[in-house]
Amino acid sequence: MFTVLRKFTIPLTLLLETIILGKKYPLNIVISVFAIVLGAFIAAGSDLAFSLEGYVFVFLNDIFTAANGVYTKQKMDPQELGKYGVLFYNACFMIVPTLILSASTGDLRQATEFNQWKNVLFIIQFLLSCFLGFLLMYSTVLCSHYNSALTTAVVGAIKNVSIAYIGMLVGGDYVFSVLNFIGLNICMAGGLRYSFLTLSSQLKPKQPVDEENVAPEVKS
């Protein structure tokens with residue numbers, strides 16, 4: 001059920017891009033997006049449990065994730081912050097809330113009293129984790145910069161479905177279900193269809209302008 005509700009980030013991103021950024025997507029793109037959501041519904045059809053608190057929190061997460069992606073795309077305009085400015089100010093604005101939250105939950109005290117700070121292997125792994133976290137954030141911003149917030153959301157969905165496919169072969173904890181398998185395939189088909197349509201539109205050559213037929217007042 002969590003998987004199904006998280007997929008609503010994608011249509012919410014499409015809606016916010018239409019409202020805030022004024023983008024218009026063709027019908028084929030919209031159908032591909034809703035195919036991903038439909039596939040998630042079918043895949044989790046055997047676990048449609050209801051929890052009002054859980055629904056509210058996940059739906060709020062969907063709204064904030066979609067808004068974050070759309071406004072990140074908007075502020076990456078060179079006349080605004082740019083992609084590096086977005087990363088920098090996003091990190092700066094989160095320092096104080098993170099410190100307050102970690103102090104109130106006791107995580108900050110546990111981190112300062114952690115007994116492995118002098119362990120070289122742990123330090124290496126910790127720094128590597130920090131670097132990979134930055135790389136993940138940078139890759140997400142870069143994807144939105146060159147494509148769109150919707151494309152970034154769809155790529156995330158395809159990544160999750162790909163992990164599910166790998167989990168069928170590795171790990172041994174996947175329990176086969178016909179509905180689950182069909183739903184995963186619909187999700188992947190919708191994601192691949194979206195990728196194909198987006199890539200085709202980007203690779204489509206622009207129509208050359210015939211300067212001889214341009215009106216003189218337009219040339220001037």
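User: Which hand does the crossing of α2 and α4 have?

Analyst: The model is a predicted one. In it, the crossing of α2 and α4 is right-handed.

User: Which residues of α2 and α4 meet, and how do they divide by class?

Analyst: From α2 come Thr9, Leu12, Thr13, Leu16, Glu17, Ile20 and Leu21. They meet Phe59, Asp62, Ile63, Thr65, Ala66, Ala67, Val70, Tyr71, Lys73 and Gln74 of α4. The residues of this contact comprise 10 nonpolar, four polar and three charged.

User: What makes the pairing of Asp62 with Arg6 a salt bridge?

Analyst: The closest N and O atoms of Asp62 and Arg6 are 2.8 Å apart. The criterion is a side-chain nitrogen of Lys or Arg within 4 Å of a carboxyl oxygen of Asp or Glu, so the pair qualifies as a salt bridge. The structure holds two salt bridges.

User: Why is α2 described as roughly antiparallel to α8?

Analyst: Helix α2 (residues 9-21) and helix α8 (residues 149-169) pack at about 175°, with axes 9 Å apart. Angles over 145 degrees count as roughly antiparallel, and therefore the term applies to α2 and α8. Ile10, Thr13, Leu14 and Glu17 of α2 make the contact with Ala149, Leu150, Ala153, Val154 and Ala157 of α8. By class, these are seven nonpolar, one polar and one charged.

User: What makes α5 oblique to α7?

Analyst: The axes of helix α5 (residues 82-105) and helix α7 (residues 120-146) come within 10 Å and cross at roughly 140°. Roughly antiparallel needs an angle over 145 degrees, and roughly perpendicular ends at 115; α5 is therefore oblique to α7. Their crossing is right-handed. Lys83, Tyr84, Leu87 and Asn90 of α5 meet Phe134, Met137, Tyr138, Val141, Leu142 and His145 of α7. This contact has seven nonpolar, two polar and one charged residues.

User: Where does UniProt place the feature "transmembrane region", and how much helix do residues 149-168 hold?

Analyst: The unreviewed UniProt entry places the feature at residues 25-43, 55-72, 84-102, 122-142, 149-168 and 174-196. Over residues 149-168 the chain is 100% helix and 0% strand, and the end C-alpha atoms are 30 Å apart. For residues 25-43 the values are 89% helix and 0% strand, with the end C-alpha atoms 26 Å apart.

Definitions and conventions
Residues are numbered from 1 along each chain as its sequence is written. This is a predicted model: local features need pLDDT of at least 70, side-chain atom pairs count only at pLDDT 80 or more; totals for chains, interfaces and linings use all residues. Side-chain values use heavy atoms; hydrogens and water are left out. Axes are lines fitted to C-alpha atoms, for helices over the stretch in contact, and angles run from 0 to 180 degrees between N-to-C directions. Helices (H or I, at least four residues) and strands (E, at least two) are DSSP runs, numbered from the N terminus. Angles under 35 degrees count as roughly parallel, over 145 as roughly antiparallel, 65 to 115 as roughly perpendicular and the rest as oblique. Contact means heavy atoms within 4.5 Å. Ala, Val, Leu, Ile, Met, Phe, Trp, Tyr, Cys and Pro count as nonpolar, Asp, Glu, Lys and Arg as charged, and the others, Gly among them, as polar. A crossing is left-handed if the near helix is turned anticlockwise from the far one by less than a right angle, and right-handed if clockwise. UniProt positions are given in the numbering used here, feature names are shortened, and annotations may be inferred rather than shown by experiment.
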